[in-house]
Amino acid sequence: GVHLTALPEQTLKKFPSFDIGVVGEGEITFYELCNAVRTKSNFTNIPGLVYRSGRDIIQTSKRPRILDQNSLPLPAWDLLPRANKYFLQTLRGCPFNCVFCMNPNGRVARSRSVESVIEEMEILINKFHAKEFTFGDELFTVDMARSHALMDAMIEKSFGQKIKWNCQTHVRFVEYELLSKMKKAGCYRVDLGIETGDEEKLRTLGKGTTMSNIVKAADEARKA
């Protein structure tokens, strides 16, 4: 998680009940860790770990980010309890440099394909009878061309008649046409990072927003 990724060694020092942590994106690191535990192998050569070795705390080399998000398999939802609401991630990363955010996923937005997202949604809707989705992307619409394509695919599948969903994004990456499609596709709420109504403070935050951006985005969202 973000806390351990920000402060790996300090986390293990402060919480003696923790023996090992995965720093950064966990899919490959955790898989390799499980194999090492199973075969009683050394952790030293596994990037992305922090762990105890006697009285010492060891941190291994940094794990590279997973650039191709389509290389990851879909989550094993069948191994988890059924739910009405599911948390989905369609991209990782945010290009902005907000002074209050650690930005653990980096400044390059790495997207899954539209086809991959639609496949996962169809499984959850048709097989597990999901009623609602929360998209955990830092900026759901950061690639607006992809966002239009995703909304078109969701509308074609009539998802808006089957489920509702919410997301968060940036005021510079919404416009009326896209918001209207999102509404038709089942979106009922968009969280916009406004932070402050003070133009001078906005300039110090690193968000790349202005009051006019904020007001325009809010007005178009209400209209949609």
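Student: How much space lies in the second largest pocket?

Tutor: A word on the source: this is a predicted model, where local features need pLDDT of at least 70, side-chain atom pairs count only at pLDDT 80 or more, and totals for chains, interfaces and linings use all residues. Residues are numbered from 1 along each chain as its sequence is written, and side-chain values use heavy atoms, with hydrogens and water left out. A pocket here is an open set of points on a 1 Å grid over the protein atoms alone, where a 1.4 Å probe fits and protein lies on both sides within 12 Å along at least five of seven lines; lining residues have an atom within 4 Å of a point. Its volume is the space filled by probe spheres set on the points, joined across faces, edges and corners, and for the second largest pocket that comes to about 320 Å³.

Student: Which residues lie closest to the centre of that second largest pocket?

Tutor: Strands (DSSP E runs of at least two residues, numbered from the N terminus, as are helices, H or I runs of at least four) come into the lining: β8 (164–169) and β9 (187–192) each supply at least two residues. The lining has 18 residues, and the closest to the centre are Cys-94, Cys-98, Glu-138, Leu-139 and Lys-207.

Student: And which element gives the most to the lining of the largest pocket?

Tutor: That pocket holds about 550 Å³. Among its 18 lining residues, Glu-27, Leu-72, Pro-73, Pro-75 and Arg-92 lie nearest the centre. Elements giving two or more residues are α3 (27–39), β4 (85–88), β5 (91–92) and α4 (114–126). The top contributor, with 3 residues, is α3.

Student: Is Asn-166 buried or exposed?

Tutor: Asn-166 sits in strand β8. Buried means under 20% relative accessible area, exposed over 50%, and partly exposed in between, using a 1.4 Å probe and protein chains only. Asn-166 has 2% relative accessibility, so it counts as buried.

Student: Which side chain makes a polar contact of 3.0 Å with that of Asn-166?

Tutor: A polar contact is a pair of N or O atoms within 3.5 Å, one able to donate a hydrogen and the other to accept it within protein; residues adjacent in sequence count only if both atoms are side-chain atoms. The 3.0 Å partner is Thr-134.

Student: Which residue's side chain makes a polar contact of 3.1 Å with that of His-148?

Tutor: His-148 is in helix α5, and its 15% relative accessibility makes it buried. Setting aside residues up to four places away in sequence, His-148 is in contact (heavy atoms within 4.5 Å) with Glu-175, Glu-177, Leu-178 and Lys-181. The 3.1 Å polar contact is with Lys-181.
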